[in-house]
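This briefing concerns a single protein chain. Please view the sequence and the structure below before turning to the points that follow.

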Amino acid sequence: MNAPDRPRFAPDWLELRERADAAARAPELLRPLRERLSAQSAEAGPDGTRGLVIRDLGCGTGSMGRWLAVRLPGPQHWILHDHDPLLLEHAGARMPVTAADGTPVEAMTARGDLADLSAADLAGTSLVTASALLDLLTREEVEDLAEACVRAGCPVLLALSVAGRVELTPSDPLDVEIAEAFNDHQRRTDQGRALLGPDAIAAAVAAFERRGATVLVRSSPWRLGCVESALIAEWLRGWVGAAHAQRPDLAPEAVAYLRRRLEECAAGDLNVEVYHTDLLALPRPVSGSA
């Protein structure tokens, strides 16, 4: 596939959401992941490093690496992939240096798009990860990712994919219409690419299972209250803004809705649950691996 550059995300937004992301990720997927990784032989990585070789696709500022590296044994060699050099600089500078068992964690950055990765590129890779990325892909891109990972026998952990469900407390009569418009925006066609949005998890499950992988899915919602008011406010602006972009006819209702919701947020009276889904795919090991 030849996909264009992914949307660029401001480091400030990624930093703002990191704590909520860490609290939301599904820890119950770690046990089967550790079991699979411990069963793999400690073969040398692409640069001669022994231990786990982990590729983080669309790494952003590296929040997945900071969360996961300290929860897995090592030694670990991370390859952080992103098209944005500024984000790569953030990610590479802030990776942990020790794994869960005290062994070293090393990281290198690689500028590029996941569309460039093939099964041959993934040879020797112990794990592919991505966070808040799956819903930005097309069906073809999901199929290609599944094909590359399954052919390489490489486990995949895809975290925090948009599930298409939001709950705000207290409720508002416009909640449902805004949510539906946002979901339609997530499914939009962008530069000729028909994005999957909230349909991405179902597409990924089907793509991996059709190729014989075992797939585990768990909910990973943000649960935000007054402590996270800054994140709620920024999320609201983006959520309503995307809905308005999809449905210009919602103005001026959307403008008034956003103003009401921001006032409730500032007063500490708004709670939000934003539903995501985490997916772990475990392909059959390729010949010669454990």
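**Helix packing and local geometry in a predicted model**

The axes of helix H1 (residues 11-24) and helix H4 (residues 85-93) approach within 11 Å and cross at roughly 40 degrees; axes are lines fitted to C-alpha atoms, for helices over the stretch in contact, and angles run from 0 to 180 degrees between N-to-C directions. H1 is therefore oblique to H4, given that angles under 35 degrees count as roughly parallel, over 145 as roughly antiparallel, 65 to 115 as roughly perpendicular and the rest as oblique. Helices (H or I, at least four residues) and strands (E, at least two) are DSSP runs, numbered from the N terminus.

This is a predicted model, in which local features need pLDDT of at least 70 and side-chain atom pairs count only at pLDDT 80 or more, while totals for chains, interfaces and linings use all residues. Residues are numbered from 1 along each chain as its sequence is written, and side-chain values use heavy atoms, with hydrogens and water left out.

**Contact of H1 with H4**

- Pro-11, Leu-14 and Glu-15 of H1 meet Leu-86, Leu-87 and His-90 of H4, where contact means heavy atoms within 4.5 Å.
- By class, four nonpolar, one polar and one charged residues form the contact of H1 with H4. Ala, Val, Leu, Ile, Met, Phe, Trp, Tyr, Cys and Pro count as nonpolar, Asp, Glu, Lys and Arg as charged, and the others, Gly among them, as polar.

**Helices H6 and H8**

- Helix H6 (residues 175-186) has 12 residues and should span 16 Å at 1.5 Å a residue, which agrees with the 17 Å between its end C-alpha atoms. The expected span of a helix is 1.5 Å times one less than its number of residues.
- H8 has 18 residues and reaches 26 Å from its first C-alpha to its last, close to the 26 Å expected at 1.5 Å a residue.
- The axes of H6 and H8 come within 8 Å and cross at roughly 75 degrees, so the two helices H6 and H8 are roughly perpendicular to each other.
- On the H6 side, the contact involves Asp-175, Ile-178, Ala-179, Ala-181, Phe-182, Asp-184 and His-185, and on the H8 side Trp-239, Val-240, Ala-242, Ala-243, Ala-245 and Gln-246.
- The contact of H6 with H8 divides into nine nonpolar, two polar and two charged residues.
- Among the buried residues of H6 are Ile-178, Ala-179, Ala-181 and Phe-182, buried meaning under 20% relative accessible area, exposed over 50% and partly exposed in between (1.4 Å probe, protein chains only).
- The cover over the buried residues of H6 includes strand S5 (156-169), helix H8 (229-246) and helix H9 (253-266).
- The buried residues of H8 include Trp-235, Leu-236, Trp-239 and Val-240, and what covers the buried residues of H8 includes H1, S5, H6, strand S9 (222-224), H9 and strand S10 (271-282).

**Buried residues and their contacts**

- Ser-126 is in the loop between strand S3 (105-111) and strand S4 (127-131), and at 7% relative accessibility Ser-126 counts as buried. Beyond neighbours within four places in sequence, the contacts of Ser-126 are Leu-37, Gln-40, Gly-51, Leu-52, Val-53, Cys-154 and Pro-155.
- Ala-146 belongs to helix H5 (residues 139-152) and is buried, with a relative accessible area of 0%. Not counting residues up to four places away in sequence, Ala-146 touches Ala-207, Phe-208 and Arg-211.
- Thr-138, in the loop between S4 and H5, is buried at 9% relative accessibility. Thr-138 touches Arg-193, Ala-194 and Leu-196, residues up to four places away in sequence being left out.

**Backbone geometry**

- Most residues other than glycine have a negative phi, and most peptide bonds are trans.
- The peptide bond from Thr-169 to Pro-170 is cis, with omega near 5 degrees; Pro-170 is placed in the loop between S5 and H6.
- The peptide bond from Ala-251 to Pro-252 is also cis, with omega near 5 degrees, and Pro-252 is placed in the loop between H8 and H9.
- Ala-132, which is not a glycine, has a positive phi of about 55 degrees. Ala-132 is in the loop between S4 and H5 and is partly exposed, with a relative accessible area of 24%.
- Leu-160 of strand S5 has a positive phi near 60 degrees and is buried at 1% relative accessibility.

**Confidence**

- The protein averages a pLDDT of 91, and 91% of the residues score at least 70; pLDDT is the predictor's confidence in each residue, from 0 to 100.
- Over residues 1-7, pLDDT stays under 50, and the model has 21 contacts beyond four places in sequence for this stretch.
- Where pLDDT is low, the predicted coordinates should not be read in detail.
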